[in-house]
Amino acid sequence: MVKTNNHVGRVGAASNHNQTVIDFEKDGADEKLLKNGNLSSNGLKNGEKSEYDRTMTEDINKLLREMPLTEDMTCGFWIFKGKFLQRFANQTSYVILYGLVGCVFSMTYSYFNGTITTIEKRFKIPSRNTGIISVGNDISQMLVSAVLSYYAGKGHRPRWIGFGLSTIVMFCLLMAVPHFLYGPGEDALALTAEFGAIADENATIEVIEAQRSKTLCRSSDGGAECVQGEGNVAPQLVLFLAQFISGIGGSLYYTLGVAYMDDNTKKSKTPALLSLSYFLRMLGPAIGLALASFCLRVYVAPNLHPVIKMKDPRWLGAWWMGWLIIGSMILVSGIFLTMFPKQLPRAKARRMIEEERRKQRETIKNKSQNNKEKLTNCLEEEKPTEAKASFKDMLVTFKRLTTNKILMYNNFSSVFYLFGYTPYWIFTPKYIEIQYRQSASISNLVTGTVALAFSATGVLLSGFVISRYRPRARYMAAWNVIVGFLTVAGCISYAFIGCPGNEQSVIVNIHDSSLSNATTCNSDCHCDYVRYSPVCGENKMTYISPCHAGCKKEHIASTGQKYFYDCSCIPHASINKEGKSTYEGLTSMDLTITENDEQDIQTTTLASHLQSLDADIPGIGGRAISGACPVNCFSQFVTFLVVMCFLKFIGATGRASNFLVSVRCVPEKDKTAAMGFGMMMMSMLAFIPSPIFFGWVLDRLCLVWGKTCTNKGNCWLYDPESLRYTLNITASMFVVLGALFDCGVWYYVKDLKIFDEEVKEIEMKIVQHEEDINAEKKTEI
């Protein structure tokens, strides 16, 4: 007979029967027993271990001492076995190693983003093709994650995880293969001493000056050249294949890894351990960006000696080097992860004892099948014989999953949430630059460190809170509903956190000769292929580029500040009542020749020209400085940052509860298949279509498009106000749908048990009820 908690009262007299019999048909049965039995909500009193837990721990330790070490509990493989490795066959070692592997794995995404511009430059890959390459892993996850997770879930899961990690190693090697196949490139080799190049600082200055001059109004030589199309397609196919392979390994790592963790740990500890692994994985992106920064400081051909420095636009960093480092780290850590046994010894001992006690409970249950039958059949099913993996059984399994209302509601909730939140993951740094005029470095710092810190805090806190207080499934589902609607409120609030000064300070004066032959201030400047490089005119308005502002001359001060003048589209500065110019731009005093101004270009001629410019001669164009006009959006930016960090924190608190509902609502044998099926749904319905959909939406809000020789290029400038309303309101609509599906989850999980302690409470109810019935029968006799 199962031992009961010391605080459970036992009833032996018929006179007390009416007060103690449990109403198994009512939803409040749990609360009644807890009240009558003087138990806490998790079966404990004063935070102490229950008698059940104490006896379970003693029985497990005794069984581990007596039980022989079988093959499925042995740590290691081949000749790599022994007592030294066996001491690491525990949940703590697994969680830490699994989290560290996840940390290295997540480095691949940030490293790819950090080096993609260099890869594009080296192989002349258009940005639109880069987007196609980056979704290769989502395509493979959509195709194979469900099938692989089904078959792998029935096998040796750590070995299957090791296989998945080997595909990640292959992915890293394939990402570096184009460098070894095609080399650094002729342009890069031509800039090294070994190939005859000579160090010439003036050559670098000439290149920089040539690039600068392309942004100016040049009516004589035809303007800037068009950007050439894409280069060789073969490297692009290799990169796409690499991404496709990474999706296979990623699906095995995520689905099997957390399922193995959940099966080999005490259910009450799963949230804390899961949150710890999430936290370790969150460190990866920051490390990946740091690695990308380090590798790009090394020349693309490290064995050669470049004659240029990093400031030269022709510099190419060693983008391929980091892939070899990451691949080596995953290879080593993956080997250790593969050494874990099919079942952790302690977990197997616990299951053996629970199975023995289940058989004892069956003996009690068979004596009386009455009003408690519904509850016992729901929670204490006979352990079925697990079917062997087959195509027919896989179809039966997936049919069983699709008819599971809790699982499907939870999956569709995740789909709509991810669909609506994808543009924020992709577009937030650019969004901050556009809306609040923050620099790219500040934008990436905010999204990569500050927001990450709040997400990590939310994940850790929620995991430990759930492990400590063990809330019921309905409470966790209710919290997910609250998180969903708070996210909706946050997305809508984004739409109203704008900067009016920013939205009204840009002049878009693009002359299109195909639409009109009318003469404008920049119609002779040939600005079609000039890149977006905003300047601030003395009229306090921002122009797309010096060319679009009609600026014909440029000066670079010793401080690095660029000054443009003779700008035909900028009205000359007005004079205020004090007789001073309202625009504090460049004057002849700024161009005094000193020894430190050797790098200034055309200093003497500029100074003499601006001496006449100071006299405010009619007909001379206005002036401008590089960069958009300063707009004070700091208060709006801080408000946006506060809301974003709040949403990051709140959203992270729902991860553990969402996972627990997903794995507890399906039979134990379907756990990994359910996770793979969910990943397939996320890839097919969210990760692939969402960027395409929001890309289409954002394209309709573009004000200025770049041009290439054969096609339309990337968008350079968006309408800030339209972007703010359209992006955030559209995203919030999808998140609303996700929150509504969460309401469905909340409705259907009312009978779902999450933790072992909840099942133990039911066991105690059954035992107590059986004793009550026996006592009543004796009294009647």
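Setting aside residues up to four places away in sequence, S683 touches D138, Q141, M142, I688 and P689, where contact means heavy atoms within 4.5 Å. S683 itself sits in helix α25, which spans residues 671–687.

A word on how to read this report. The model is predicted, so local features need pLDDT of at least 70 and side-chain atom pairs count only at pLDDT 80 or more, while totals for chains, interfaces and linings use all residues. Residues are numbered from 1 along each chain as its sequence is written, and side-chain values use heavy atoms, with hydrogens and water left out.

**The overall picture**

The protein contains 28 helices and 10 strands. Both are DSSP runs numbered from the N terminus: helices are H or I with at least four residues, and strands are E with at least two. Of the 781 residues, 51% are buried. Here buried means under 20% relative accessible area, exposed means over 50%, and partly exposed is in between, using a 1.4 Å probe and protein chains only. Among contacts between residues at least 6 apart in sequence, 82% join residues at least 24 apart.

| Residue | Relative accessible area | Class |
|---|---|---|
| S683 | 0% | buried |
| S275 | 1% | buried |
| F734 | 18% | buried |
| D59 | 32% | partly exposed |
| K124 | 44% | partly exposed |
| K540 | 52% | exposed |

**Two pairs of helices**

Axes are lines fitted to C-alpha atoms, for helices over the stretch in contact, and angles run from 0 to 180 degrees between N-to-C directions. The crossing of α5 and α14 is left-handed, meaning that the near helix is turned anticlockwise from the far one by less than a right angle (clockwise would be right-handed). On the α5 side the contact includes Y94, L97, Y98 and V101, and on the α14 side it includes M321, G322, W323 and I326.

A second pair is formed by α18 (residues 405–436) and α23 (residues 634–653), whose axes come within 13 Å and cross at roughly 155°. That angle makes α18 roughly antiparallel to α23, and this crossing is left-handed. From α18, the residues Y417, Y421, W425, T428, Y431, I432 and Y436 meet Q636, F637, F640, M644, L647, K648 and G651 of α23.

F734 belongs to helix α27 (residues 720–748). How far apart are F734 and G420 in sequence and in space? They are separated by 314 residues in sequence, yet their C-alpha atoms are 5.0 Å apart. Leaving aside neighbours within four places, F734 is in contact with F416, F419, G420, F693 and F694.

As background, an α-helix has 3.6 residues a turn, so residues three or four places apart point the same way.

S275 lies in helix α12 (residues 270–282). The S275 side chain reaches the backbone oxygen of P271 at 2.9 Å. Beyond four places in sequence, S275 touches V459, L460, S462, G463 and A656.

D59 is placed in helix α3 (residues 51–66). D59 and R350 are 291 residues apart in sequence and 8.5 Å apart in space, C-alpha to C-alpha. Not counting residues up to four places away, D59 touches I353 and R357.

**Two lysines with positive phi**

Most residues other than glycine have a negative phi. K124 has a positive phi of about 55° although it is not a glycine, and K124 is found in the loop between α5 and α6 (127–134). K540, likewise not a glycine, has a positive phi of about 70°; K540 is in the loop between β4 (535–537) and β5 (542–543).

Definitions and conventions. A polar contact is a pair of N or O atoms within 3.5 Å; within protein, one must be able to donate a hydrogen and the other to accept it, and residues adjacent in sequence count only if both atoms are side-chain atoms. Angles under 35 degrees count as roughly parallel, over 145 as roughly antiparallel, 65 to 115 as roughly perpendicular and the rest as oblique.
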